[in-house]
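Dear colleague,

Please find the structure below, together with its sequence. My notes on its salt bridges and its surface follow.

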Amino acid sequence: MTGDKWFRPKRFGYGATPDNWKGWAFMVVYVAIVVALSLTLIYEGAAAWLVVLVVLALTGATIPLIKAKTDGDWRWRWH
């Protein structure tokens, strides 16, 4: 594992998982932002589709960073 990589490829399936404290900290901050923004939108009376759209947009925006910070490639893994 190199020092600038925060995630590693998943052992099974597709994608990545946090590999060190930086990856875990990133995920905690991401989840906190998604929850806070979603609750704010719901409290303000936003439609459910808008909340889903915002969560999808935030998730889509984080994927390139996670891919760039992954120590390896993203592909489907059976074993």
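Asp-19 and Arg-8 form a salt bridge, with their closest N and O atoms 3.4 Å apart; the term denotes a side-chain nitrogen of Lys or Arg within 4 Å of a carboxyl oxygen of Asp or Glu. Asp-19 sits in the loop between β2 (16-18) and α1, whereas Arg-8 belongs to strand β1 (residues 7-9), so the pair ties together parts that are 11 residues apart in sequence. Helices (H or I, at least four residues) and strands (E, at least two) are DSSP runs, numbered from the N terminus.

Please note that this is a predicted model, in which local features need pLDDT of at least 70 and side-chain atom pairs count only at pLDDT 80 or more, while totals for chains, interfaces and linings use all residues. Residues are numbered from 1 along each chain as its sequence is written, and side-chain values use heavy atoms, with hydrogens and water left out.

The structure holds 3 salt bridges. Asp-73, Arg-75 and Arg-77 are linked in a network of such contacts: the N to O distance is 3.5 Å between Arg-75 and Asp-73, and 3.2 Å between Arg-77 and Asp-73. Arg-77 is buried, at 13% relative accessible area, whereas Asp-73 is partly exposed, at 43%. Here buried means under 20% relative accessible area, exposed over 50%, and partly exposed in between (1.4 Å probe, protein chains only).

Finally, Leu-39 lies in helix α1 (residues 21-43) and is exposed, with a relative accessible area of 55%.

Yours sincerely
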